Amino acid sequence: MAEALRVGIAGLGTVGASVARVLREKAAELTRQCGRDIVVAAVSARDARRDRGVDLSAAKWFDDAVKMAETADIDVFVELIGGDEGPAHASVKAALEAGRHVVTANKALLAKHGVALAEIAEKKGVLLNYEAAVAGGIPVIKTMREAMAGNQVTRVFGILNGTCNYILTRMEAEGISFDACLKDAQRLGYAEADPTFDIEGHDTAHKLSILTSLAFGTRIAANDIYMEGISNITQADIRAAAELGYRIKLLGVAQRTESGIEQRVHPTMVPTASVIAQVHGVTNAVAIETDILGELLLSGPGAGGNATASAVVGDIADIAKSRPGFQHAPVFGWPARELRPYKKAQMRSHAGGYFIRLTVHDRIGVFAAIAKRMADNDISLESIVQQGAGPETEAQKTVILVTHETTEAAVRKAVEGVTKDGHLTDKPQVIRIERAE
Ligand SMILES: NC(=O)c1ccc[n+]([C@@H]2O[C@H](COP(=O)([O-])OP(=O)(O)OC[C@H]3O[C@@H](n4cnc5c(N)ncnc54)[C@H](OP(=O)(O)O)[C@@H]3O)[C@@H](O)[C@H]2O)c1
C-alpha cells in the first residue's frame, strides 16, 4: 500500500474538530477508497488544553499555525481558522510556498486572496481545494470546476446563507417579525452574536465571488458586488409577495449581460412554484444555467460541523487519491493566469421585473400620480393595486406595483419622483423579481 497521507489541521473549532473526528471514525472506509491511510499528524489552535471531543494525542501540537505550515511533517495543510488575513492567510500562503497541498473552508480568504493563492498553488504543482467554502456540504465547486467543462454559464444564482434563509422561512411560515426571528436564530446557534456579516449579505457575497470566477473565468472581485441585506424585509412584503405568487429569498446572482458581468446580492422575489422557492430553513441551493446542460440545481446542508466536514474530508481524499507528478485541475477551473479582469455591469443597467410597495397619504389623485411617474420613466406595469397588507389607517394606504421588465435606473428615478411628489408616508420598498423555473 502507498505511504500514508499526513494531514495537519489548523483550527479545531466547529469544523476542525468535526474533520478530525470524521477522519478517525471513517478511517477504514477512507483507506479502502484512497488506497492509503490518512493520518492526522499535526494540529494547531489557540488553546492546547481544550477538549476537542476527539483523541488527538498522536498528532504533534503547534501553537503557531504558520510554523506548522512551514515545518510540520505533513503532505496536506488544512486551514479551518477563518478570517481573510492574520494566521489563516499567512499559514495558507506558507504551506503553498512550502509545496504542500492545502484544503480550506475559508470563503473570506479566497474572496480576497484566492487568485494570488491559486497562482502559488499552480506554480508549485499542488492542490488548493475549497469545496466547503461555498454552500458547505453541497459539492458545487467540483461540479463547476470539473463536471462542466465546455459549458458556457449564463447565470449562477443561489441561496448561500443559511441564517438568512432560516429567518425568511420563519417570517413567512409564522408571521413573525425580522427582529424576533433573528433573536431565535441566535438562541438556536444559527446566527452569530454579531449577525451583520450574514444578514447584510457579506457572507453571500464572498461565496458568490468564488462562483462567479468559476462560472465566467474572471478574476475574483468581491468588492464589486452590489449588496443589500434582509433587515428591512417586513411582514407587509412577505404577505404581498405571497398574494402575488412570490416568495422572498436572499439570493446571490451572477449573470452575463450585454454590458458585462452582473454580480448582486439582495432580497429577491422568486415564483412560489419555482424549485428554488422550495428551499427552506438553513438549507442552501445553487442553480447553474448553461448553454449545453440547461439548468442544474443543487441543494443541501450549507453549514454545520458534519456537513462542512464532509466537504473538507472529500477534498483531503481527492489529494490522497491523486497521483504524484500528475497535472492537477486549475484551482478556479481556468489556470490562474487565464482568469480575465472582470468587466462589471453597473447595477443601474440591471433589467428585470420589480415589486414596489408604497405607503401613501389617502388622498384623491395619489394613485394617478404614481402611475404617471411610472409611465414617464417608460415603466410598464403588470399590476397596480391598493392593498390591505400595509400599516393601514384612515390617513394612509398601501399601493403595490409589479412592473414588467424594466431597468434599475428607471425604477430608481420613478420612485425618486413619487417621493418628491410628497405622497409617501414611509420609506418606499423596492424588491427585485428574479426569473426562476
Ligand atoms: N461553521 C460552519 O458551519 C462553517 C461552514 C462553512 C465554512 N466554514 C468556515 O470554516 C472555517 C472555520 O469555521 P468554524 O466555524 O469551525 O470556526 P470556529 O469554531 O470559530 O473555530 C476556529 C478555530 O480556529 C482556532 N484559531 C483561532 N486563531 C488561531 C490561530 N492564530 N492559530 C491557530 N488556530 C487558531 C480556534 O482555536 P481555539 O479553539 O483554541 O480558540 C478554533 O479552534 C471558517 O473559515 C468558516 O468560514 C464554517
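Predicted model: local features only at pLDDT ≥ 70, side-chain atom pairs only at ≥ 80, totals over all residues.
Which residue forms a salt bridge with D237, and how far apart are the closest N and O atoms?

Residues are numbered from 1 along each chain as its sequence is written, and side-chain values use heavy atoms, with hydrogens and water left out.

Now the answer. The partner is R357, and the closest N and O atoms are 2.6 Å apart. D237 sits in helix 11 (residues 235–244) and R357 in strand 13 (residues 351–361), so this pair ties together parts that are 120 residues apart in sequence. For the terms: a salt bridge here is a side-chain nitrogen of Lys or Arg within 4 Å of a carboxyl oxygen of Asp or Glu. Helices are DSSP runs of H or I with at least four residues, strands are runs of E with at least two, and both are numbered from the N terminus.

Are these two partners buried or exposed? D237 has 0% relative accessibility, so it counts as buried. R357 is buried too, at 7% relative accessible area. The cut-offs are these: buried is under 20% relative accessible area, exposed is over 50%, and partly exposed is in between, with a 1.4 Å probe and protein chains only.

Next, the overall picture. The protein chain has 14 helices and 17 strands. The C-alpha trace spans about 85 × 45 × 35 Å along its principal axes. What radius of gyration does the chain have? The value is 24 Å; a compact globule of 437 residues would come near 22 Å, so the two agree. That radius is taken over C-alpha atoms, and the globule rule is 2.2 Å times the number of residues to the power 0.38. Of the 437 residues, 55% are buried.

Back to salt bridges. The structure holds 28 of them. Another one joins E289 and R435, at 3.6 Å from N to O. E289 is in strand 11 (residues 283–290), while R435 is in the segment after strand 17 (429–433), so the pair ties together parts 146 residues apart in sequence. E289 counts as buried at 10% relative accessibility. R435 counts as partly exposed at 49%. Both belong to a network of salt bridges that links R155, E262, R264, E289, E434 and R435.

Then a pair of sequence neighbours. E146 forms a salt bridge with R145, with the closest N and O atoms 3.4 Å apart. R145 is buried, at 12% relative accessible area. E146 is partly exposed, at 44% relative accessibility.

Stay in that stretch for M144. This residue is in helix 6 (residues 140–146). M144 counts as buried at 8% relative accessibility. Which residue lies 189 residues away along the chain, with its C-alpha 7.6 Å from that of M144? G333.

Now the backbone. A135 has a positive phi of about 60° although it is not a glycine. A135 is in the loop between strand 6 (128–129) and helix 6, and it is buried, with a relative accessible area of 0%. D378 also has a positive phi of about 60°, and is not a glycine either. D378 lies in the loop between helix 13 (366–376) and strand 14 (381–387).

Last, the surface. Patches are made of residues with over 30% relative accessible area and no salt bridge; like charges are joined within 9 Å, and nonpolar side chains (Val, Leu, Ile, Met, Phe, Trp, Tyr) within 5 Å. Accessible areas come from the Shrake-Rupley method with a 1.4 Å probe, and for residues only the protein chains shown count as cover.

Which residues form the nonpolar patch? L188, Y190 and V282, with about 250 Å² of accessible area together. Y190 is in the loop between helix 8 (178–187) and helix 9 (196–199). Y190 is partly exposed, at 39% relative accessible area.

The other patch is negative. D63, D64, E70 and E97 gather there on the surface. On charge counting: Lys and Arg are positive, Asp and Glu negative, and His and the chain ends are not counted. Each charge is placed at NZ of Lys, CZ of Arg, CG of Asp or CD of Glu. E97 lies in helix 4 (residues 86–97). At 43% relative accessibility, E97 counts as partly exposed.
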